[in-house]
Amino acid sequence: MSEDVDMIDVNSSTTKENHPPTHSKESDATSKTTTVTKHTPWLEKYRPTKLDDIVGNEEAVSRLAHFARQGNLPNIIISGPPGCGKTTSVLCLARQMLGESFREAVLEMNASNDRGIDVVRTKIKMFAQSKVSLPKGRHKIIILDEADSMTEGAQQALRRTMELYSKTTRFALACNASDKIIEPIQSRCAMLRYSKLNDEQLLKRLIEIAKAEQVSYTSEGLEAIIFTAQGDMRQAINNLQSTVFGFGHVNSENVFKVCDEPHPILIRDMIGKCLKCELDEAYKAMNHLWRLGYTAEDILSVIMRVTKTYEMSEFMQLEFIREIGLTYMRVSQGVQSQLQLSSLLARLCQKAKTNAH
């Protein structure tokens with residue numbers, strides 16, 4: 001009897017070892033979900049889902065809202081710089097128009113990857129031919145992002161497809177440069193132009209995200225993010241998240257470490273030295289930036305942005321911008337040497353000296 005009891009104890013103990021309690025699996029699943037949520041890019045987490053939530057370009061967005069209310073969407077081309085909300089606007093429009101049928105009735109493609117004529121003949125044509133049950137007066141929507149990357153042959157094929165399936169399908173093309181879209185497609189579409197977002201619009205959105213994520217930040221830190229983003233909301237949100245994950249606190253020093261741009265305070269000091277005709281001191285500042293590994297284009301880009309906001313006479317500001325532009329032209333032609341930057345500083349000092357007299 002005692003032996004039997006011993007055997008039962010052993011079996012029960014092995015059973016416990018081999019089969020851990022079920023609640024631990026649940027806790028593992030919960031922790032995995034928490035991890036996924038924690039590491040979701042804020043760009044996707046805070047992407048607007050309604051047209052009303054989109055920041056900036058009010059006129060263009062109001063036109064899209066009008067299309068959504070009417071339900072009759074024409075073929076559209078949205079052109080504008082990166083990160084100003086082109087693709088998000090179209091997705092919000094499609095979601096608002098199609099409701100629950102959004103997944104079945106929308107084909108989203110990035111034309112920079114799928115850019116050949118075969119894609120138009122297979123994927124796009126097959127989707128346009130497919131049958132989807134939709135509310136009355138609604139159409140399937142094909143969203144082509146980066147449409148200016150499509151080859152001319154693909155665009156010619158797309159033109160014919162747009163004509164053939166006009167009764168059931170609408171096309172929304174997003175591009176950076178509308179002049180790279182062929183004329184026949186442009187004439188078949190309504191054109192919407194987006195512009196860069198201004199500093200106030202970026203700041204408002206960044207503060208909303210920072211408060212939602214309980215981020216520790218300073219006003220100088222947010223200003224630095226806006227300075228580096230240059231009107232690009234995507235870059236601003238990515239820079240904010242990178243700084244938070246990298247350092248835990250958003251201040252100007254941490255932002256410029258993450259973005260790896262020449263610090264505008266150093267550039268501002270260098271321009272100040274040029275205005276005082278102190279060429280040697282200005283050269284030391286530029287040489288320091290060059291030794292840190294920044295290219296001539298990096299340095300010139302920040303010099304231009306700082307000069308635009310630097311307090312000086314309008315005549316002097318225009319002269320400085322002219323000289324910076326000429327240097328940028330030479331650098332873009334391939335002469336990316338430190339000598340070009342040294343020459344720029346010398347000419348800026350000369351302009352300041354001439355104006356002083």
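This is a predicted model: local features need pLDDT of at least 70, side-chain atom pairs count only at pLDDT 80 or more; totals for chains, interfaces and linings use all residues.
**Exercise 1.** Find which elements give two or more residues to the lining of the largest pocket, and state which domains it lies between.

*Solution.* 
- Step 1. List the elements. They are α11 (219-229), α13 (252-259), α14 (264-275) and α16 (296-309).
- Step 2. Pick out the largest share. α16 provides it, with 6 residues.
- Step 3. Turn to the domains. Domain 2 (199-259) and domain 3 (268-355) both contribute to the lining, so the largest pocket lies between them.

**Exercise 2.** Describe the second largest pocket: its space, its lining and its place among the domains.

*Solution.* 
- Step 1. The second largest pocket holds about 470 Å³ of space.
- Step 2. It is lined by 23 residues, with Arg 47, Gly 83, Gly 85, Thr 88 and Arg 234 closest to its centre.
- Step 3. At least two lining residues come from each of α5 (86-98), β4 (169-175) and α12 (233-247).
- Step 4. By class, the lining has 12 nonpolar, 5 polar and 6 charged residues.
- Step 5. Both domain 1 (42-193) and domain 2 (199-259) supply lining residues, so the second largest pocket lies between these two domains.

Note on methods. Residues are numbered from 1 along each chain as its sequence is written. Side-chain values use heavy atoms; hydrogens and water are left out. Helices (H or I, at least four residues) and strands (E, at least two) are DSSP runs, numbered from the N terminus. Domain bounds come from an automatic or database domain assignment. On a 1 Å grid over the protein atoms alone, a cavity is a set of points where a 1.4 Å probe fits but cannot get out, and a pocket is an open set with protein on both sides within 12 Å along at least five of seven lines; lining residues have an atom within 4 Å of a point. Grid points are joined across faces, edges and corners, and a volume is the space filled by probe spheres set on the points. Ala, Val, Leu, Ile, Met, Phe, Trp, Tyr, Cys and Pro count as nonpolar, Asp, Glu, Lys and Arg as charged, and the others, Gly among them, as polar.
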